[in-house]
Amino acid sequence: MTVDDLPVVSHDLVLATGAAVEVLTALTEVHGQLLIHEAGGTCAGSDPMCHPVREFRVGLRDVVVGEIALPSPLPPTQVWVSPERHDLWHDAEIVLGVAAGRGSGFSLEAPDGIRFVAQPFAGPGIDR
């Protein structure tokens with residue numbers, strides 16, 4: 001089953017920092033349309049992970065919580081979360097950013113020495 005086979009129940013709860021959009025733009029130019037998936041939890045794989053859409057199978061219960069627009073003509077990046085993460089975040093806006101430090105070895109940004117991070121919206125003044 002692929003992303004195209006799943007129902008999209010978007011809540012548009014995702015914001016992205018300028019740095020995250022820059023990284024997603026560069027990765028999309030190389031790899032094609034991407035998705036971000038956050039499984040949640042406290043172990044490996046709990047950071048948001050970035051994958052080409054055609055190379056990642058989301059779970060049947062995973063939920064898309066929004067899209068991050070990229071510069072035209074690039075397609076947006078959908079953000080998916082596990083049902084457990086969705087239960088925690090269903091009423092909050094989440095900010096996708098980047099931080100120094102290597103994330104998961106399977107996430108596309110990992111070789112660049114950065115990782116995606118997600119956190120609840122902190123209010124006005126955030127660098128979008």
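Me: In strand β5, which residue is the bridge partner of Glu38?
Reply: This is a predicted model, in which local features need pLDDT of at least 70, side-chain atom pairs count only at pLDDT 80 or more, and totals for chains, interfaces and linings use all residues. Residues are numbered from 1 along each chain as its sequence is written, and side-chain values use heavy atoms, with hydrogens and water left out. Strands are DSSP runs of E with at least two residues, and helices are runs of H or I with at least four, numbered from the N terminus. Strand β2 (residues 34–38) pairs with β5 in the parallel sense over four bridges, and the partner of Glu38 in β5 is Val81.

Me: In β5, which residue is the bridge partner of Gly66?
Reply: Two strands are said to pair if DSSP finds at least two bridges between them. Strand β4 (residues 63–68) meets β5 in the antiparallel sense over five bridges. Within β5, Gly66 has as its bridge partner Val79.

Me: What is the order of the strands in the open sheet?
Reply: The sheet holds four strands with mixed pairing. Strands β3 (49–52) and β4 each have a single partner strand, so one side of each is left without a neighbour in the sheet. The order is β3-β2-β5-β4.

Me: Are the residues of β5 buried or exposed?
Reply: Buried means under 20% relative accessible area, exposed over 50%, and partly exposed in between (1.4 Å probe, protein chains only). Thr77, Val79 and Val81 point one way from β5, whereas Gln78 and Trp80 point the other way. Because five of the five residues of β5 (residues 77–81) fall in one class, the strand is largely enclosed by the rest of the structure; that class is buried.
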